[in-house]
Amino acid sequence: MDTPPAVRARGITKCFGDVVALDGIDLDVAQGQIHGLVGPNGAGKTTLLGLLLGLAVADGGTLEILGTPVGRSLAAPDAVAGFVDGPGLYPSLTAKQNLAALAVLRGRDARTAGIDDVLDQVGLADVADDRVRGFSLGMRQRLGLAAALLTKPRLLVLDEPSNGLDPAGKQHVHGVLTRLAADGTSVVLSSHRMDDLEALSSEVTIVTTGRVVFSGPLSKLAAENQELDYRIRTSDPDAARRLAADTTGVRVADDVGTRHDTEVLVVRALVPALDELVVRLVHAGIALRELAPVVSPLEAVFLALTEQQESSR
Ligand SMILES: Nc1ncnc2c1ncn2[C@@H]1O[C@H](COP(=O)(O)OP(=O)(O)OP(=O)(O)O)[C@@H](O)[C@H]1O
Ligand SMILES: [Mg+2]
C-alpha cells in the first residue's frame, strides 16, 4: 500500500472576523519531506501551521494528516508535534524539568522518555539543569524542538524554528531535522531566512495574503522565475563585459550590488541567455572564475512578491 502523504490540504480557508487569513490553500507534504513555508508578515503561515497542529479548525476545505481526515475536533493527532509563536515553557523549571513535566503530562515515565537524548540532539545538554527563565531566545527555540522530539512525531510542525539561533544552534537544528527526515519524519517549517530554507527544504510553498503563489521543488522555482541578477568573475573583465552586452537576452547591470568592483560583472538574464553567454565566454578563451546569483531564486521571488504586496496596498 502507498504511504499516505503527511499533509494533504485542499481549499483551506480561515477567517478571523473580517480578516481572511487563509483563502483557499492547497498544501502537499510527502512523508520524509522537509517542506518550507515562506511569505511576508501576515501572509497566513502561522495560521496554517496552527491548523496542522490542531490548535484551530479551518472554516472550509479539507485537511488530511498522515492519511487521516481532520474533522471538526480540535485534538491534534498523536503523531504530530511542534509549536507556533514560540514554544510554551515553564520559566521557573529547568530545561530537564520542563521536558519531564511534558513527558508525565503525556502519561510517560520521565526516566525512560529519552530526555537526555533529545537535549543532547539540540545541543542543550550542558544547560539541562539551568532554569529556562535565564534562557536566550535561541535556547528556548531549541528546547521547544527538544520537547517536540520527545513524542517521536511523524509530522513535525515548526513556526520559525531558526529564530534567534546562533550559527552553532542552527547547525544543531539543521542536523536534527535532516536526520529526522532521513528516518521518514515529515517536517513543515516556516522561516523568513531564505538561506535556511534553501539549505533544508526540498520543496517550498510561498504564501501571500492567504493564497499559495508557488508550491514545488526549489529547482522548479529557479526555472519558472523571472530574470535574475548574476555575478560573473572572469579572467578578462573588459572582454567579458563587451560579450555580455552583445549577447541577446543579457543585460549588463553594473549598478546592482553595493560595492563597486570592476573585476565583477553583474548581468540580468534568464537561464538560457546566461548559458549562451557562458558558452561564448569560453569560446572566446575567457576563463570563468565565478558565477552566482546576486540573490537566490527563492529570495528573488520572495522580494518580488513582497514588493507587489506593498505596492497594491
Ligand atoms: N487570532 C487572530 N485574530 C485575528 N486576526 C488574526 C489572528 N491570527 C492571525 N490573524 C490575522 O491573520 C493574518 C495571517 O496571520 P499569520 O499570523 O498567520 O501570518 P504569518 O504569515 O504567520 O505572519 P508573520 O510572518 O508575521 O509571522 C493576519 O492578517 C493576522 O492579522
Ligand atoms: Mg507567523
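Predicted model: local features only at pLDDT ≥ 70, side-chain atom pairs only at ≥ 80, totals over all residues.
**Stop 1: ligand 1**

Select ligand 1 and show the residues around it. There are 13 of them, and the closest are Gly42, Gly44, Lys45, Thr46 and Thr47. Helix H1 (45–52) and strand E2 (19–29) each give at least two residues to this shell. The largest share, three residues, belongs to H1.

Now look at individual atoms. Start with the backbone of Gly42, where an N or O atom sits 2.7 Å from an oxygen atom of ligand 1. Move to Gly44, which also uses a backbone N or O atom, here at 2.9 Å from an oxygen of the ligand. Then display the side chain of Lys45: an N or O atom in it is 2.7 Å from an oxygen atom of ligand 1. Taken alone, the ligand exposes 630 Å², and the protein buries 60% of that.

**Stop 2: Ser191**

Next, select Ser191, in the loop that runs between strand E8 (186–190) and helix H6 (194–200). Is this residue buried or exposed? Ser191 is buried, because its relative accessible area is 4%, and the cut-off for buried is under 20%.

Show its side chain and follow it to the backbone nitrogen of Arg193, which it reaches at 2.9 Å. To see what else touches Ser191, set aside the neighbours within four places in sequence; the contacts are then Leu37, Val38, Glu160, Asp196 and Leu197.

**Stop 3: helix H9**

Select residues 271–283, which make up helix H9. The helix has 13 residues and spans 18 Å from its first C-alpha to its last, close to the 18 Å expected at 1.5 Å a residue.

Which residues of H9 are buried? Colour Ala273, Leu274, Leu277 and Leu281. They lie on the same side of H9, because they cover an arc of only 100° around the axis. The spacing can be read against the helix repeat: an α-helix has 3.6 residues a turn, so residues three or four places apart point the same way.

H9 is followed by Gly285, which has a positive phi, near 75°.

Notes:
Residues numbered from 1 in each chain as written. Chains lettered and ligands numbered in written order. Heavy atoms only, no water. Helix = DSSP H or I, 4+ residues; strand = E, 2+ residues; numbered from the N terminus. Expected span 1.5 Å × (residues − 1). Buried < 20%, exposed > 50% of the residue type's maximum accessible area, 1.4 Å probe, protein only. Arc of directions from axis to C-beta. Near = heavy atom within 4 Å. Polar contact = N/O pair within 3.5 Å; in protein donor to acceptor, adjacent residues only side chain to side chain. Areas by Shrake-Rupley, 256 points an atom, 1.4 Å probe, with all protein chains shown as cover. Contact = heavy atoms within 4.5 Å.
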